[in-house]
Amino acid sequence: QVRLVESGGGLVQAGGSLRLSCAASGSIFGINAMGWYRQAPGKERELVARISNGGSTYYADSVKGRFTISRDNAKNTLYLQMNSLKPEDTAMYYCAAKKGASIRFDYWGQGTQVTVSS
């Protein structure tokens, strides 16, 4: 089993920054992509950013240019650097991972709340 534990969420003023972390443990061998999702109350879940083991990245248009996804393989940790935060970024943020040929993320963290005040 893969365990993903997010941290780094909190309350921040608009224009501020936060860095989310996701520590992976357990049976992590075979993970070939990781990503960050978010979901705000009453809204659909949104893929915020994704990174493959090859280093390719994807960003949602809503965060492009403001957020950066990265990983530290030695620490088995995924990061999401969030800059120029806006109130509309307020959501529960989830770390996710996939293995093998799966086209969808198979493993999920518990989430960390990000609240951006205006």
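**Basis.** I am working from a predicted model, in which local features need pLDDT of at least 70 and side-chain atom pairs count only at pLDDT 80 or more, while totals for chains, interfaces and linings use all residues. I number residues from 1 along each chain as its sequence is written, and side-chain values use heavy atoms, with hydrogens and water left out.

**Whole chain.** I looked up the secondary structure and found zero helices and eleven strands in the protein chain, where helices (H or I, at least four residues) and strands (E, at least two) are DSSP runs numbered from the N terminus. The radius of gyration, taken over C-alpha atoms, is 13 Å, close to the 13 Å that the globule rule (2.2 Å times the number of residues to the power 0.38) gives for 118 residues, so the chain is as compact as a globular protein of that length. The C-alpha trace spans about 40 × 30 × 25 Å along its principal axes.

Of the 118 residues, 41% are buried, meaning under 20% relative accessible area with a 1.4 Å probe and protein chains only. Among contacts (heavy atoms within 4.5 Å) with a separation of 6 or more, 53% come from residues 24 or more positions apart.

I traced four strands that form an open sheet in the order β1-β3-β8-β7, with antiparallel pairing; two strands count as paired if DSSP finds at least two bridges between them. The edge strands are β1 (2-7) and β7 (67-72), each of which pairs on one side only. Within the sheet, strand β3 (residues 18-26) and strand β8 (residues 77-82) are joined in the antiparallel sense over six bridges, and I noted that leucine 18 stands opposite methionine 82 in β8.

**Cysteines.** How many disulfides does a search of the whole structure find? I record one disulfide, the term being a pair of cysteine sulfur atoms within 2.5 Å. The partners are cysteine 22 and cysteine 95, with their sulfur atoms 2.0 Å apart. Cysteine 22 lies in strand β3 and cysteine 95 in strand β9 (residues 91-99), so the pair ties together parts that are 73 residues apart in sequence.

How values were computed: Buried < 20%, exposed > 50% of the residue type's maximum accessible area, 1.4 Å probe, protein only.
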